[in-house]
Amino acid sequence: MGELTSTRLECAICNTAIEGQFTLGRLGRLTREQLSFVELLAQHRGNVNQVAGSLNVSYTTARMRMDEIAAALGAPPSISRPDSREVLRQLETGELSAEEALKLLQG
C-alpha cells in the first residue's frame, strides 16, 4: 500500500475548505497505540521509566515499543542489544510476553 494522502481539509465551524493533496506526515504512519505512547512519552518529558510505570510494563518493553516507533518514523535500527539474561528473567516473571522477548533477543 502506498502513502495515504488527504485531498480536502474543511473547517467544521465556518465550512472553509482547502483542496489539494496533503500527506499525513510521519506521525500519520503510526498506529493509534503508538500515538498514545508518543503522547505519554511527551507528558513524561521523555522519561521512559515513567512511561513504563504508567503503562504497567517493564522498562525493556517500553524501550522496545519506543524502538518500534522510531523505526516506523524512519530512524535507523538501535545498535544496543538488551542483556539476554534480563530478557529471560522478564519473560519468566511475566513482564514480557514471549513475542516481545523473541523480538528483543533477535534484535
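**View 1. Helices α1 and α2 are oblique to each other.** This close-up, like those that follow, comes from a predicted model. Helix α1 spans residues 32–43, and its partner here, helix α2, covers residues 48–55. Their axes come within 9 Å and cross at roughly 125 degrees. Angles of 65 to 115 degrees count as roughly perpendicular and those over 145 as roughly antiparallel, so this pair belongs with the oblique ones. As for handedness, α1 passes α2 in a right-handed crossing.

**View 2. Helix α1 also packs against helix α3, which is made of residues 59–72.** The angle between these two helices is about 115 degrees, and their axes lie 10 Å apart. The pair α1 and α3 therefore counts as roughly perpendicular. If you follow α1 past α3, you will find a left-handed crossing, whereas α1 passes α2 in a right-handed one.

View 3. On one side, R8 pairs with E10, with the closest N and O atoms 3.2 Å apart. On the other, the side chains of R8 and E19 meet at 2.4 Å, N to O. The R8–E19 pair links distant parts of the chain: R8 belongs to strand β1 (residues 5–10) and E19 to strand β2 (residues 17–23), 11 residues apart. R8 is partly exposed, with a relative accessible area of 40%, and E10 is partly exposed at 47%. E19 reaches 59% and is exposed, because the cut-off for that class is over 50%.

**View 4. A salt bridge connects K103 and E68.** Their side chains meet at 3.2 Å, N to O. Here again distant parts of the chain are linked, since K103 sits in helix α5 (residues 98–106) and E68 in helix α3, 35 residues apart. K103 is partly exposed at 40% relative accessibility, and E68 is partly exposed at 30%. A search of the whole structure finds 7 salt bridges, including this one.

**View 5. L88, L91 and L105 form a nonpolar patch on the surface.** With a relative accessibility of 47%, L88 counts as partly exposed.

Note on methods:
Residues numbered from 1 in each chain as written. Predicted model: local features only at pLDDT ≥ 70, side-chain atom pairs only at ≥ 80, totals over all residues. Heavy atoms only, no water. Patch = residues over 30% accessible without salt bridge, like charges linked within 9 Å, V, L, I, M, F, W, Y side chains within 5 Å. Areas by Shrake-Rupley, 256 points an atom, 1.4 Å probe, with all protein chains shown as cover. Salt bridge = Lys/Arg side-chain N within 4 Å of Asp/Glu carboxyl O. Buried < 20%, exposed > 50% of the residue type's maximum accessible area, 1.4 Å probe, protein only. Axes fitted to C-alpha atoms, helices over the stretch in contact; angles between N-to-C directions. Helix = DSSP H or I, 4+ residues; strand = E, 2+ residues; numbered from the N terminus. Parallel < 35°, antiparallel > 145°, perpendicular 65-115°, else oblique. Left-handed = near helix turned anticlockwise from the far one by under 90°.
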